[in-house]
Amino acid sequence: MSETLSSPLSPAAGDGPAASAPLTLSMQGALNRALGEVLEDNPKALIFGEDVGRLGGVFRITDGLQARFGAERVFDTPLAESGILGMSVGLAMAGFHPIPEVQFDGFAYPAVNQIVSQIGRMNYRSRGALPMPVTLRVPSFGGIRAPELHGESLESLFVHVPGLKVVSPADPHQAYHLLRLAGSMPDPVIFMEPKARYWQKGPVDPADAGALEGARIARPGRHLTLIAWGAMVARCLQVAELAAEDGIEVEVLDLRWLSPIDADGLAESASRTRRAVVVHEAPRSSGLGAEIAALVTERCFNTLKAPVERVTGFDVPYPSGDLEDEYIPNIDRILFGIQRVLEHRRG
Amino acid sequence: MESPTPADRGELEELYRLLAAVRQLDTAAVRWQRQGIIPGYAPLLGQEAAQVGSGYAVDPTRDFIFPTYRELGVARAVGVDMVEYMATHKATWHGGLYNPATTHFAPIQAVVGGSVLHAVGWAHGQRLAGPGEDGYNVALSYFGDGASSQGDVHEAMNFAAVMKAPVIFFVQNNGWAISVPTERQVAGGSVAARAAGYGMPSLSVDGNDVTAVLEATRQALAHCRGGGGPILIEARTYRLGPHSTSDDPGRYRSLDEEQAARRSDPLAACEALLRTRFGTPDSFFAGALAAGEAEAEAVRQGLEGLAPRPGSEMFDFVFQQPTPALKAQAAAWRTESEHV
């Protein structure tokens, strides 16, 4: 724990972390810190799932929390995802704020009935009498050479479900503040953590969240907007750096909220740059990129210089580690996408 | 486990009045469907004692009931408004119009087995909150022999037993899951027998004997209140009617079988008990049935007077905090559909 909380930037580093000091944290450390604060702030908040207690989770996101808050508030469940999510419904009905973890994205599939038909609908079914403040943490997306069903991109599945909100942080600062926010919301939130980014460190300013609603401009630019979320934001920032060497100023828009999508934020950026490329790891067809292309086109049709381009995973099951670099949008494929948009000529 | 005191005359007469009211409401609901007042209904004919006997034992000010879609008898026994309950069958609102938070009767559940885990979660919440002076508040999860095939039911029982959650799994084994008989549904023939595998006690009762059901439920409640963890009750009964008003049992079972099952009618059994044990007169039974008829007629009038909910409610209850996109859709709907 201590290595994730100390910071060379912080004047208080030697005396332990001060709440207002900027920190350098990995995303794992930022998420861990946020969870601790959510549990401190709300005595009704509970963390549970597979191996989240004594072990601290397979990614150590809940590290130390059981020791700090006790085994009633941070507990291991039997190994059954539908059970974890179904239990969350009842705990929410009893006045708790469940923060369950599904250990890996692909293990959410066995819990789809509880997520889609129960958590997503209970507020509606009960006419608002039974709110579902469930913050479901899902280590998400690929890039860590994991076994099958340990690297899925489920956002299109979840965003299509009425009653769920979906968010994905791109860096430690975003992860910290978005999880604190999600953990205080009265509606269900699917919190998709980019597991490939868990161990990259970055600045976290606990005192200054910045705006947490909608999308954010991760890098300003004027020639083209790259739209991404989760682990693809860092890759798009790399691409923007490379493109800048050729004089192309790429704006990187970190979408953050996948449901609801910040349509105004998308339109604001795309109408300025007049070109947009959306990048996601999930399969292409009916992926979130299609929705984004539609939203941008609806709002910016007259100003766009090219159709919205998509650089995505393929319509194939997520491949084994040896092939994942071929599947996940890489720098070359994103650059090709940019080139296609820049070279587009109206016929 | 200690055996609770058997029902006295006052209780048994009250139980009969409940059974009669439920019988009248249930059979009336089938008529209302035939008359076009409601589009569909799932009758509980034959299961009145299982539902009334268990519901009567519950304290709805502290306990919480998790039904499926065939629990009108339980709802009536714990005082849920019958028009608000029947609103689900009138297609007014999926979960019914009653308030589940104040009635402690969860919204009507269409996915069998889906709500069993909710009961376990709620019960675990009671465990975290700690017992009151009279022990834990208890969750009652109602489901059937068909639902017992669902994986969620296994997960629920295992979770509850591991966590010692104060929950009663109340299984109405009514012989049929739509067209599939129990022997094609429940390997081993008994849901109660499965409890042992979870290290959980179980009670198997004649679900058509309202006093047996009441006593078993009281026993189970005492077990849960005392911190003994979960318990399963299997009430053996029979679904005398069709699965729903769209079903045709003639395609999968014989009239002979149905007529044989009718010989163990739960109302008749309760009436016989009252007559032999307490000498209850004819006038009492006639009065109870008449009261039930009057109640059903009042519910019919309430249902006929129930207007559709405003379309804006499609949008109002999706979230506690509606999203900008949803607000925009609601505004567009108002403009294009309501012309305002």
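The structure is a predicted model, in which local features need pLDDT of at least 70 and side-chain atom pairs count only at pLDDT 80 or more, while totals for chains, interfaces and linings use all residues. Residues are numbered from 1 along each chain as its sequence is written, and chains are lettered from A and ligands numbered from 1 in the order in which they are written.

Chain B has 14 helices and 7 strands, taken as DSSP runs numbered from the N terminus (helices H or I, at least four residues; strands E, at least two). Its C-alpha atoms fill a box of roughly 65 × 45 × 40 Å along the principal axes. Of the 340 residues in chain B, 51% are buried, where buried denotes 20 or more other C-beta atoms within 10 Å of the residue's own, exposed 12 or fewer, and partly exposed in between, with C-beta atoms placed from the backbone. Contacts require C-beta atoms, placed from the backbone, within 7 Å. Among contacts in chain B with a separation of 6 or more, 76% join residues 24 or more positions apart.

Turning to the interface, 34 residues of chain B are in contact with 34 residues of chain A. Helix 5 (100-103), helix 6 (116-129), helix 7 (151-163) and helix 14 (324-338) of chain B each supply at least two residues of the side that touches chain A. Helix 6 of chain B gives the most, with 10 residues.

In chain A, strand 5 (residues 135-140) is largely enclosed by the rest of the structure, because 6 of its 6 residues are buried. Thr135(A), Arg137(A) and Pro139(A) point one way from this strand, and Leu136(A), Val138(A) and Ser140(A) the other way. Strand 5 of chain A pairs in the parallel sense with strand 7 (residues 189-194) of chain A over 6 bridges; pairing requires at least two DSSP bridges between the strands. Within strand 7 of chain A, Pro194(A) is the bridge partner of Ser140(A).

Terms used
Two residues are in contact if their C-beta atoms, placed from the backbone, lie within 7 Å.
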